[in-house]
Amino acid sequence: MKPIVDARPYPYAFDPAHTAVVLIDMQRDFLEPGGFGAMLGNDVTTLQRIVPACQALLALARAHEMRVIHTQEAHDAQLLDCPPSKRARGGLSCGIGDVGPLGRVLVAGEPGAGFVAELQPLPGETVLRKPGKGAFHATGLDAMLRASGITHLLIGGVTTEVCVQTTMREANDRGYECLLVEDCAASYFPHFHAAVVEMVVAQGGIVGWAAPLAAVQDALR
Ligand code: TIU
């Protein structure tokens, strides 16, 4: 019997052997003062609140031997993979590629691009660097998932309406069955988070399913 999550808009069945937990962009640049998110004028504490739930989601994945993918929005040191439009957006005095308090903003290998201390990948887990908001754009994610027989994705991370939602829509269009783990995702704008949850599950699950972490944990008991 497959685990079945009490999800919206209807129960979500998944086989852990064919499921990956995808944790989106839990990076210092989005969650800590001095990073890219703060430079955009956001209150980063709204994102910090989900760290314990994300730790519990990782623990669940590891206990049930689900694949784990940590995505990271970060650019090549020469910004060869950063469209000038992205760099210019917002007109920041210190923006992508510039040196800020956490090193060069959103550049791979810099302190800010790294994951927060509580959510460090374990050896054997996949770290996927991505230049865009969606994790499928200009990455090998789809090929990796297909090669390993992954059909279902449990998705969390930040921010709900930017990289999480974009990734979930990309995955849905590619045929993956996606569950948004509601309390493992957050936005700088709580009403955007709530709206995304509603728009995912509306119209019979037009983008997928949503459920709290406790419902996923219950399904795996
Ligand atoms: N600004 C914002 O809400 N998000 C991003 O720029 N990236 C991610 O969501 N990871």
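Select helix α7 (residues 160-173) and helix α8 (residues 190-205), whose axes, lines fitted to C-alpha atoms over the stretch in contact, come within 10 Å and cross at roughly 20°. Angles run from 0 to 180 degrees between N-to-C directions, and those under 35 degrees count as roughly parallel, so α7 and α8 are roughly parallel to each other. Helices here are DSSP runs of H or I with at least four residues, and strands are runs of E with at least two, numbered from the N terminus. This is a predicted model, in which local features need pLDDT of at least 70 and side-chain atom pairs count only at pLDDT 80 or more, while totals for chains, interfaces and linings use all residues. Residues are numbered from 1 along each chain as its sequence is written.

Next, show Thr160, Glu161, Gln165 and Met168 of α7 together with Phe192, His193, Val196 and Val200 of α8, which make the contact (C-beta atoms, placed from the backbone, within 7 Å).

Now stay on α7 and colour Thr160, Val162, Cys163, Val164, Gln165, Thr167, Met168 and Ala171, which are buried, meaning that 20 or more other C-beta atoms lie within 10 Å of their own. Among the elements that cover these buried residues are β3 (19-24), β4 (67-73), β8 (152-158), β9 (177-186) and α8.

Finally, select the ligand and look at the residues around it, including Asp25, Glu73, Lys133, Val162, Cys163 and Tyr188, each with its C-beta atom, placed from the backbone, within 6 Å of the ligand.

Note on methods:
Parallel < 35°, antiparallel > 145°, perpendicular 65-115°, else oblique. Contact = placed C-beta atoms within 7 Å. Buried ≥ 20, exposed ≤ 12 C-beta atoms within 10 Å, placed from the backbone.
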